Amino acid sequence: MTHANDVAVGIVGLGGIGTHHATKLTDRGANLVGGMDIDADARAAFHERFGVHAYENETELYEVCDAVLITTPNRFHEEYAVSALEAGLDVLLEKPLAHTVESAERIAAAARDAEGFCMVGFNNRFAEPVQVIKGYQDEGRFGETTHVEANYVRRRGVPGRGSWFTSGDVAGGGALIDIGVHAIDLALYFLGHPEVVEVSGETRTEFGDRDDYAFVHMWGDDNGADGFDVEDSASAFIRDADGNTVSLEVAWATNRPTNDEFVIRGTEAGATFDRGSDDLTIHEARAFDDEQHHFSDTEVETRESDSHAAEQAAFLDAVAAGEAPSINTVDEALSVQRVIDAIYRSSERGEAVRLD
Amino acid sequence: MASVKLEGITKRYEDVTAVDDMNLEIEDGEFVTFVGPSGCGKSTTMETIAGLTLPTEGTIEIGGRDVTDLPPKNRGISMVFQNIALFPHMDVYDNISFGLRLRKYDQEEVDRRVEEAADIVQLEGMMDRMPKEMSGGQRQRVAIARAIVRNPDAFLMDEPLANLDAELRVHMRTQLQRLHRELDTTIIYVTHDQAQAMTMSDRIAVINGGVLQQVAPPLECYNEPANRFVAGFIGSPAMNFLEGEATEGGFDSQYTQIDFDPETHGVTSGQDITAGVRPEDVFLEADARKATSPTKAFDAVVDVLEPMGKEMNAYLLFDRDVEASAEGRGEGQLLINLAPDTDIAEGDDIRIVMDRENVHLFDRASGDAITHSLE
């Protein structure tokens, strides 16, 4: 196989994100060969829209694929990821790795043994400004990166109440596992995905479970407070083995303005990246021969990017090359999942949790 | 089957050294247990062998092949962990055979190996069961069978029995010993439980603070501990320690005096010394003949008695003014084993002797053993 668009790719889970991925795949001219879903309506809609077969059974799909994207609700990641790996396929698994840390461990163990690889869908890493920050980090412009302020805060943005996103049983959690997973991964990515040794956190359920939940926009349909049994915000402090830290703020709903800012703080320079707008500013303090002490804030303009498309490109390139990608590895996703689990445990116990 | 060799393995995090210059050769077919308190570096050492953690320095060889930079799946090892990571949506057969199916073994070979492994861990007739329908012990046996079918050069087991209840743990301990005998394979086992280490291993590697303290057969660690740490860690109940100093005529502490010739044992007068004596090497004066070479008798007071059934633990104070520590093992306190029918009561004044043949001496500054007998 020589070209990424020759890779026969299928999608397991034909809901919102599955359809989004299918659209991106067809946009780039990828060889989308089929989909799979247990829901007949989802299969019919997929077939109608993309003109390829939608299977009821994943093994039939796997027979015609080189690689699959798995975009099911979190609870079903393990079953489909493991069977795809067993079938010898390469896998792009949507985030989070799993609904629980135990399930995540099992997927990672299976991937370690498998012929194919399992890449995990942390698409934010592929945003152009993120790669620019990474480039400057590699060049040494930031010195040592010692702290990251990671914010993924919606003022009101609970995904459809009553959907699987707000069911602890299916999703494994709420805002933290849904969007906090991106913020944690990005923060750890900026720190070089170190070993996390301590986590202290608190999760809250303050809005989604209320009958008078007030909002101006919702991703899906609102079925009221009854189907909501997860947290809608979380705060945490994360420490790695080298003493570097992350302060994390995550919310589907909270009484403050929306905040998508990541602040990367290094010993030589810092940066503020807005995940929502892609704005990037680099902060430095300099002098010339101990004169003209000054602050310099450099605004960085990057090309427009589509992080899901870039993620798919990295995945398909790796499949075509027959080599596991070095980015978005299953082991990185596992360490993110361990942090999430530790935040839940820390919140439950009311104290910091050690991971070493 | 393969030997495993660790050469200069060090794992460092910023200012913490989790494993410090570990050198160890494990022979083909040997059962070696890494034992030590929580956080001592035993699991980190195991992870470097498994390939789950890269060492900061040093090399690892398995079967004479340098595997330091190889991923876990190419090291020829099988792992069993405390968390029994069975796939919940697969039955026993599928769980055991998963690794073989990943490697595209033909069906006949898969069936043969699964059957053989199921036979070894006694899971016959349970192939259709789902994990949630099984007990903790059965699930752990499935995890072990899953490791067996891969026919590894070495098994790595990290606290595999920790989540089982006490009775099952003892039962599985026996099963693992039988497994080792039947497979005749190299097993590296990690536990904080010195009872597991003592009962199953060919050799124990005692680790503390990231540093290997002693590697020796269990009874050698018990009878000839290399230092005070090993002496205190191996054996339950633990050894008694008496702090004192060497004199011209032997050992002096606040409550005891033991005669011996310092020169014979390479001790100099005035040297700070810790004497160690195990609970079974202390006797009531009336039973002094049970000691091969009794010391002179010391006064003591019975503080607490613990009848254990086949024996009785007696916590003693050397004098009524000694303030008993919560663990009953502080300075001026002594734990001894007595026959269960010994006529003795809490509060009694008694006289005891130690068996000089089994009194250990340690240099207090270094902790190193000086001698394991005063005879």
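Visitor: Which residues in α5(A) meet which residues in α10(A)?
Guide: In this predicted model, A:V101, A:A104, A:E105, A:I107, A:A108 and A:A111 in α5(A) meet A:V330, A:D331, A:L334, A:Q337, A:R338 and A:D341 in α10(A), where two residues are in contact if their C-beta atoms, placed from the backbone, lie within 7 Å. By class, these residues divide into 7 nonpolar, 1 polar and 4 charged, with Ala, Val, Leu, Ile, Met, Phe, Trp, Tyr, Cys and Pro counted as nonpolar, Asp, Glu, Lys and Arg as charged, and the others, Gly among them, as polar.

Visitor: Before going on, how are residues and chains labelled, and what pLDDT do local features need?
Guide: Residues are numbered from 1 along each chain as its sequence is written, while chains are lettered from A and ligands numbered from 1 in the order in which they are written. As this is a predicted model, local features need pLDDT of at least 70 and side-chain atom pairs count only at pLDDT 80 or more, whereas totals for chains, interfaces and linings use all residues. Helices (H or I, at least four residues) and strands (E, at least two) are DSSP runs, numbered from the N terminus.

Visitor: Back to that helix pair: at what angle do the axes of α5(A) and α10(A) cross?
Guide: The axes of α5(A) and helix α10 (residues 330-349) of chain A cross at roughly 170° and come within 9 Å, which makes α5(A) roughly antiparallel to α10(A). Axes here are lines fitted to C-alpha atoms, for helices over the stretch in contact, and angles run from 0 to 180 degrees between N-to-C directions; those under 35 degrees count as roughly parallel, over 145 as roughly antiparallel, 65 to 115 as roughly perpendicular and the rest as oblique. The crossing of α5(A) and α10(A) is left-handed, a term used if the near helix is turned anticlockwise from the far one by less than a right angle, with right-handed used if clockwise.

Visitor: And α4(A) against α5(A), parallel or antiparallel?
Guide: Helix α4 (residues 77-86) of chain A and helix α5 (residues 101-113) of chain A have axes that cross at roughly 5° and come within 10 Å, and the two are therefore roughly parallel to each other. In this contact, A:H77, A:E78, A:A81, A:V82 and A:L85 in α4(A) meet A:S103, A:R106, A:I107, A:A110 and A:A111 in α5(A), giving 6 nonpolar, 2 polar and 2 charged residues.

Visitor: How does α8(A) pass α10(A)?
Guide: α8(A) passes α10(A) in a right-handed crossing. The axes of helix α8 (residues 175-190) of chain A and α10(A) come within 9 Å and cross at roughly 125°, and the helices are therefore oblique to each other.

Visitor: What does the domain assignment of chain A give?
Guide: The assignment, of an automatic or database kind, gives domain 1 (4-122 + 309-326) and domain 2 (125-304 + 336-354), and 26 Å separate their centres, taken over C-alpha atoms. Between these domains of chain A, 15 residues of domain 1 are in contact with 14 residues of domain 2. On the side of domain 1 that touches domain 2, α5 and α9 (307-321) of chain A each supply at least two residues, and the largest share, 3 residues, comes from α9(A).

Visitor: Switching to the partner chain, how many residues of chain A are in contact with chain B?
Guide: There are 16 residues of chain A in contact with 13 residues of chain B. α4 and α5 of chain A each supply at least two residues of the side of chain A that touches chain B, and α5(A) gives the most to that side, with 6 residues. The residues of that side of chain A divide into 5 nonpolar, 1 polar and 10 charged.

Visitor: What is the order of the strands in the open sheet of chain B?
Guide: The 4 strands run in the order β2-β1-β4-β5 (chain B), with antiparallel pairing, where two strands pair if DSSP finds at least two bridges between them. β2 and β5 (65-66) of chain B stand at the edges with a single partner strand each, so one side of each is left without a neighbour in the sheet. Helix α1 (residues 42-50) of chain B lies across β1, β2 and β4 (57-62) of chain B, running at about 120° to β1(B).

Visitor: How many bridges join β1 to β2 in chain B?
Guide: Strand β1 (residues 4-13) and strand β2 (residues 16-26) of chain B are joined by 7 bridges and run antiparallel. B:L6 has B:L24 in β2(B) as its bridge partner, and B:I9 has B:M22.
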